[in-house]
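The following paragraphs lead the reader through a protein structure, one region at a time. Please keep the sequence and the three-dimensional view at hand while reading.

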Amino acid sequence: MDYNLKLDEAIGHLHEEGRYRTFIEIERHKGHFPHATWKKPDGSEQPVTVWCGNDYLGMGQHASVLGAMHEAIDATGAGSGGTRNISGTTVYHKRLEAELADLHQKEDALVFTSAYIANDASLSTLPKLFPGLIIYSDALNHASMIEGVRRNGGNKRIFRHNDVAHLRELLEADDSDAPKLIAFESIYSMDGDIGPIEAICDLADEFGALTYIDEVHAVGMYGPRGAGIAEREGLMDRLDIINGTLAKAFGVMGGYIAASAKMCDAIRSYAPGFIFSTSIPPAVAAAGAASVAHLKADHDLREQHQMQARILKTRLKGLGLPIIDHGTHIVPVIVGNPVHTKKLSDMLLDQFGIYVQPINFPTVPRGTERLRFTPSPVHGPEEMDALVEAMDALWSHCELNRAELSA
Ligand SMILES: Cc1ncc(COP(=O)(O)O)c(C=O)c1O
């Protein structure tokens, strides 16, 4: 086989479809988020404003987080030096897990290297713990959940996105004695819509199913202590396993599940993705714990975040741009064509110093390609004005459709 030819073909295919991914190399400037420097391929540099980061609250530059990280590095060095089982469990890991268990009001928590791994490792391990387990998975679940559900030969059923009637049909069609688990998200990150948590928990009770929720795009940002949408809706105790990340609103890195002590003990003992991988660096765990602890109390920051999202949505809607608005912090502007989306993103970057990554298939369905903005408390009025003006100008320049505005 001509291996290079095959690689060229695979990559060429992505170019043809306009969905070849280019990584923009940036250096963020601590103390000046969302400002960063774009290091261009030709070696030159340009200042940019980041509008697509998932450090939703700017915690990646927060003094309490950086202080905890520095302290841990000075105290204990760089890496953890081992898997959790073999010398890689430190006081910092235990502190972080205690913070997370407390955040979600669960008996215990388990930290993984990322939320991707936490989803994949947990969901693929559950059929080992509950032989014959049927997993009911929302059609728009994140790739990490799909991967976890797909592996390990468990039974799976896919219910239409947020469609509890369909979920009920699927539950009714299965053996009432079979062990069951419903896996879904609280905020779906591409449209920013919210899962019907209470209705799903009701069905789980009725059919004797466990519940697994991914709150990756909600932790830190929703609920009185930042535990997510389930906390905001008073439903945390009805969820058996809550998955979250430390990499987005908490501004650091790592993922986790929070659950009963027994559930955590079993997953800890059976999940290869937990057992056979070096634990996160102590400094990362320390920073994560500091961020979680800080956000339990900083409700103002959450309110500022929501305010920023409301302002941006109102202004873009005012220009007639086709945004999706489900009342959350995510602001998708639908372009509907991969080539145009990439072109808009390139022009925003080159001409206006605004960095927003195009979102194409397979991350979103074809025909719904979009620019996805993530306003945060670190975006000031000047950055907001610059973005809105640039979008207005480009929308006219590219002769894209605008919604009719009612008088
Ligand atoms: C819904 C959802 N779950 C899980 C993840 C993975 O999180 P992490 O970046 O911690 O691996 C993501 C990442 O974007 C996500 O969007």
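**Sheets, cores and cysteines**

V50 stands opposite Y355 in strand 14. The structure in which this pair is found is a predicted model. Strand 14 is joined to strand 3, residues 45-50, by two bridges, and the two strands run parallel. Both belong to an open sheet of four strands, arranged in the order 1-2-3-14, in which the pairing is mixed. Strand 1 (26-28) and strand 14 (354-355) stand at the edges of this sheet; each has a single partner strand, so one side of each is left without a neighbour in the sheet. As a general principle, the strands of a sheet pair through backbone hydrogen bonds, either parallel or antiparallel.

A further open sheet consists of three strands in the order 13-16-15, and here the pairing is antiparallel. Its edges are formed by strand 13 (331-334) and strand 15 (358-359), which have one partner strand each, so that one side of each lacks a neighbour in the sheet. Strand 13 is connected to strand 16, residues 370-373, by four bridges. Within this pairing, V331 stands opposite F373, and I334 stands opposite R370. Strand 15 pairs with strand 16 over two bridges, again in the antiparallel sense. In that pairing, I359 is the residue opposite R370.

Is strand 16 covered on one face or on both? Both faces are covered. R370 and R372 lie on one side, L371 and F373 lie on the other, and all four are buried. In general, the side chains of a regular strand alternate between the two faces of the sheet.

Helix 13, residues 338-352, lies across strand 15 and strand 16, and runs at about 45 degrees to strand 16.

Nonpolar side chains in soluble globular proteins tend to be buried together. The largest nonpolar core of this model has 61 residues, of which L100, I182, F184 and I197 touch the most other members. Helix 11 (residues 282-297) gives the most to this core, contributing nine residues.

T90 is located in the loop between helix 2 (63-76) and helix 3 (91-104). Its relative accessible area is 17%, so T90 is buried. The side chain of T90 makes a polar contact of 2.6 Å with the side chain of H93.

Finally, how many disulfides does the model contain? The count comes to zero. For C264, the closest cysteine sulfur is that of C201, 17 Å away, which is too far for a bond. C398 is likewise in no disulfide, since the nearest cysteine sulfur, in C52, is 18 Å away. Are these two cysteines buried or exposed? C264 has a relative accessibility of 1% and therefore counts as buried, whereas C398, at 28%, counts as partly exposed.

Definitions and conventions
Residues numbered from 1 in each chain as written. Predicted model: local features only at pLDDT ≥ 70, side-chain atom pairs only at ≥ 80, totals over all residues. Heavy atoms only, no water. Core = buried A, V, L, I, M, F, W, Y, C linked by side-chain atoms within 4.5 Å. Buried < 20%, exposed > 50% of the residue type's maximum accessible area, 1.4 Å probe, protein only. Pairing = 2+ DSSP bridges. Contact = heavy atoms within 4.5 Å. Axes fitted to C-alpha atoms, helices over the stretch in contact; angles between N-to-C directions. Polar contact = N/O pair within 3.5 Å; in protein donor to acceptor, adjacent residues only side chain to side chain. Disulfide = S-S within 2.5 Å.
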